[in-house]
Amino acid sequence: PTRVFSGIQPSGGLTLGNYLGALKRFAEMQKDGVETIYCVVDMHAITVWQDPAKLRQQTREIAAAFLAAGVDPARSILFNQSQVTAHAELAWIFNCVARMGWMNRMTQWKDKAGKNAEAASLGLFAYPALMAADILAYRATHVPVGEDQKQHVELTRDIAIKFNNDFGVNFFPVTEPVIEGVATRVMSLRDGTKKMSKSDPSDQSRINMTDDADTITQKIRKAKTDPEPLPDSIEGLKERPEARNLVNIYAALSRSTPEAVVAEFAGAQFGAFKPKLAELAVSVMAPISDEMNRLMADPAEIDRILGDGADRAEALARPVLDEVHDIVGMIRSR
Ligand code: TYM
């Protein structure tokens, strides 16, 4: 039996990287025989300060993005994390299973805490244990994520293995990360060696899911490239990170492969390729951002979908937590 879980933080707007690396693949994983559970992780978001009104707004916006990208509440469970208390309960138990040294080795922790770890929240340090709880509260077998989350899913596996060993049980599955396709690491439009990110200070570095057609076109036109034309094979993209990134984005948006894109545009200048890419990006992203806007006009309906998803998520997670409490030796007498 296959059970898929994944999550997105409501800590800002979404980028083309989130769409191609996560949302698009979440929608594609909805198939008969696969249970898909998707979560807006508001508890993760507050590991760094969030304005309460903005958090509420962004939670709804991320939910709208899931729906607009094709996550269907009739086939998937879609909810926000804080409505299902099993996540917090299991996270505490995992805080007691995981080791400080494991957390210290997380590259996202090192990046986000920076030089001043003393001033970071305790929640930011424990972030990966909550993520393991998200996944394992459902005993999920597969977790689709972008490349940047690989280390966290590996830590989830370590936590599952240590829990099973510590208590002499074979209870939690050893979850597989699913990092597939050409868009697992969409790079910045300004620097092909840096990830496209909502936290990059330059808005020119990314395409936001809410950018309009003119903005998308303008950002692609100004995207950094080198002076060479497109090569005639993907071998020719080595050492050309910006060129490779644009080819990968084109391939992901057109559901094609980098090989096919390079074959089609061999010898073309970027001056000719970029307008084609912009046209393609607008044709894929505009209907999604229109649908997001339509959904956002009815926040009560979004909240209803999240509430319904939370009920269904709770029904799956509660029996798992009951067993966990029993395994750990915690009395439940009411
Ligand atoms: P988050 O909110 O930073 O990102 C959400 C998803 O988008 C992917 N992603 C990218 N993919 C390709 N190229 C990019 N430039 C790019 N930027 C982001 C991320 O890899 C991710 O899949 N810790 C997670 C949220 C989380 C989670 C979970 C995920 C919490 N609990 C349980 C899976 C399972 C995060 O911060 O993702």
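I begin with Asp134, which is found in helix H7, spanning residues 122–136. Please bear in mind throughout that this is a predicted model. The interest in Asp134 comes from a record: in an unreviewed UniProt entry, the annotation "binding site" covers Asp134.

Is Asp134 buried or exposed? Its relative accessible area is 3%, and buried means under 20%, so Asp134 counts as buried. Which residues is Asp134 in contact with, once its neighbours within four places in sequence are left aside? They are Phe5, Val41, His44, Gln81 and His87.

Let me turn to the charged pairs. As a general point, side chains of opposite charge can pair when their charged atoms come close. The structure holds 21 salt bridges, and I shall discuss some of them.

One of these is the salt bridge between Glu28 and Arg255, where the closest N and O atoms are 3.2 Å apart. Glu28 lies in helix H1, residues 16–28, while Arg255 sits in the loop between helix H10 (241–253) and helix H11 (258–265), so this pair ties together parts that are 227 residues apart in sequence. As to accessibility, Glu28 is partly exposed at 34%, whereas Arg255 is exposed, with a relative accessible area of 61%.

A further salt bridge joins Glu176 and Arg157, with 3.6 Å between the closest N and O atoms. Here Glu176 belongs to strand S5 (residues 176–178) and Arg157 to helix H8 (residues 150–167), so the pair ties together parts that are 19 residues apart in sequence. Glu176 counts as partly exposed, at 38% relative accessibility, and Arg157 also counts as partly exposed, at 24%.

Asp308 and Arg312 both lie in helix H13, residues 299–328, and are 4 residues apart, about one turn of the helix. Their side chains meet in a salt bridge, at 3.4 Å from N to O. Asp308 is partly exposed, with a relative accessible area of 33%, and Arg312 is partly exposed as well, with 29%.

Beyond such pairs there is also a network. Which residues do salt bridges that share partners join into one network? They are Asp203, Arg206, Asp211 and Lys219.

To close, I return to the annotated residue: Asp134 is buried, and its contacts include His44 and His87. Thank you for your attention.

Methods: Residues numbered from 1 in each chain as written. Predicted model: local features only at pLDDT ≥ 70, side-chain atom pairs only at ≥ 80, totals over all residues. Heavy atoms only, no water. UniProt positions renumbered as here; feature names shortened; annotations may be inferred. Helix = DSSP H or I, 4+ residues; strand = E, 2+ residues; numbered from the N terminus. Buried < 20%, exposed > 50% of the residue type's maximum accessible area, 1.4 Å probe, protein only. Contact = heavy atoms within 4.5 Å. Salt bridge = Lys/Arg side-chain N within 4 Å of Asp/Glu carboxyl O.
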